[in-house]
Amino acid sequence: MEQITKVTLAKGRGTVDEKVYGQFIEHLQDCINGGVYDPKSRFADENGVRTDVRELARRLAPPILRFPGGTVMCLYHWEDAVGPMEKRIRRKNLIWGGEIDPSFGTAEFVRYCREIGAEPMICVNMASGTPEEAGNWVEYCNGTGDSYYAALRRSHGYEEPFNVKYWCIGNECYAEPDIGIQNDVSVYIRDAREFIKFMKLTDKTIKTVLVGSDDPAWNKAVLDALSPMADYLSLHHYSAENGKGIYGPFEGEKQLFSMLEDASRLIEQYPEKVTDFNQWYRFPPREAAVQIAVDEWNIWNADDSETYGLDARFNWRDAVWVAGALNILLSNPHVGIANMAQMVNVIAPIVTQPEGSFFQTIAYPFLLYRENMAGERLEVSHEPVMIDGGAAEPLDALHFSALRGADGTVRIAAVNRDFSAAHTIAVETACGQCGITELTAPSWDSVCTLEACCVEKKEKTADPAHITLAPGSVSLIVLK
């Protein structure tokens, strides 16, 4: 007898912020230089930007793009990479090896953001930089008067301000192996407060993203001290297979869910409106509730090779993991920003070669969600369908998120993580029409290449009371 899993929808909390579909680029290997920017490529435009990559980036349509790191921020000085090319400064990349090419700097990044429709999100250097340097960066980007750095921007050919709204106050400062002394949370709090002072006194309208961690004690200390001036708490997550078998990465998915739940409970302890902020800071407190920025997330099998496993070629299993991660991000009402790391070449949806560029498997669920999953959250419940995870713990084969659009249409993103069997669901709904877009691949280890896309897309209709989810599939169910 066929087993049918009942799926129930209920009213959820809030509306999804489209910034959960953000991306991230860093001066790391060939993400920016040789990826986004490559003046030697036959695809380069007059500014050295690869047009084929830009076209794929436009299809991903990230509402927000994070730059220039990442860990490289421990040694990145923004003034190295502004103004005339012949005067820019090239430094050793002590973090990732090689050198930091200053050709793609602040102005080039902002221009690229405008070309692909993204809001720029900049991370400042706390490890070897200073609060004053960070404040000057804000002035260069957003200044409108006759002050030195606003005038410097104009002298570089940019009359209008860049209006960069989102600023990350450091990156993974808790990591003791990285350059910097802010791995002591009390030092991070002390220094972050000074960075925010210089930056918000320069532009009172910017939004700050403070460094969070998978350690709840770190997060509580940071928000206890800085929540009145923290718009977002940053969290990072990378899942990995690392020899655990086909279902290995889905263990990390559980960790992502748990980390977000812990942070959500913490954030709810702080009032949405700040009422006791000291006026002598001379800038206003945050204007809304603290939110979470998952400003680095992806699947990454890190290793000890020369490339750290960052030159990953993703298979279809990895894409199914990405769909489940997106379900988690979409379902959490406290997540206001998320940035897939990274956009090009480095554990990336886009890969470049001299002959052209192409989407890896992980791009396809992202595109499906980006184009369709927006609106008011709905809660989804179902009886778990447990499967053998091999080396991993038993795993629920099914994973969902659901939204109601402005037109009343209900969209369910359904993931079948069972690569050996189909599963049938019945959705409790008053809707009569049910259309399905299904993504699959020939096998769980299928990969895309420049010559051929392995992802198969099928459009079909079904009875909401009897929807079959193919083995190892990602499906968009539209109910009208």
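Which residues does Gly432 touch, not counting residues up to four places away in sequence? Gly432 touches Pro464 and Lys480, where contact means heavy atoms within 4.5 Å.

Before I go on, a word on the source: this is a predicted model, in which local features need pLDDT of at least 70 and side-chain atom pairs count only at pLDDT 80 or more, while totals for chains, interfaces and linings use all residues. Residues are numbered from 1 along each chain as its sequence is written, and side-chain values use heavy atoms, with hydrogens and water left out.

Staying with Gly432, this residue is found in the loop between strand E19 (423-427) and strand E20 (434-440); helices (H or I, at least four residues) and strands (E, at least two) are DSSP runs, numbered from the N terminus. At 61% relative accessibility, Gly432 counts as exposed, on a scale where buried means under 20% relative accessible area, exposed over 50%, and partly exposed in between, with a 1.4 Å probe and protein chains only. The C-alpha atoms of Gly432 and Leu56 are separated by 36 Å, and the two residues are 376 residues apart along the chain.

Now to the open spaces. The search runs on a 1 Å grid over the protein atoms alone: a cavity is a set of points where a 1.4 Å probe fits but cannot get out, a pocket is an open set with protein on both sides within 12 Å along at least five of seven lines, and lining residues have an atom within 4 Å of a point. Grid points are joined across faces, edges and corners, and a volume is the space filled by probe spheres set on the points.

The largest pocket holds about 770 Å³ of space, and among its 34 lining residues Phe257, Ile328, Ser331, His399 and Phe400 lie nearest the centre. At least two lining residues come from each of strand E1 (4-15), helix H7 (249-267), helix H8 (316-331), strand E14 (376-382), strand E16 (395-396) and strand E17 (398-404), with H7 giving the most, seven residues. By class, that lining divides into 14 nonpolar, ten polar and ten charged residues, where Ala, Val, Leu, Ile, Met, Phe, Trp, Tyr, Cys and Pro count as nonpolar, Asp, Glu, Lys and Arg as charged, and the others, Gly among them, as polar.

The second largest pocket has a volume of about 500 Å³. Its lining has 29 residues, of which Tyr174, Asp214, His236, His237 and Tyr238 lie nearest its centre. Here again H7 supplies the largest share, six residues, and helix H6 (216-226) and strand E9 (232-239) each supply at least two. This lining has 14 nonpolar, nine polar and six charged residues.

The largest cavity has a volume of about 110 Å³, and of the 18 residues that line it, the closest to its centre are Cys74, Ala127, Asn171, Cys173 and Ile179. Nine of its lining residues are nonpolar, seven polar and two charged. The second largest cavity holds about 70 Å³ of space, and its lining includes His27, Tyr76, Arg91 and Pro102.

In helix H3 (residues 131-142), ten of the twelve residues are buried, among them Trp137, Tyr140 and Cys141, and the buried residues pack against helix H2 (106-116), strand E6 (119-124), helix H4 (148-155), strand E7 (166-169) and helix H5 (185-202). Eight of the ten residues of helix H9 (residues 363-372) are buried, so H9 is largely enclosed by the rest of the structure; the buried residues include Tyr364, Phe366 and Arg370.
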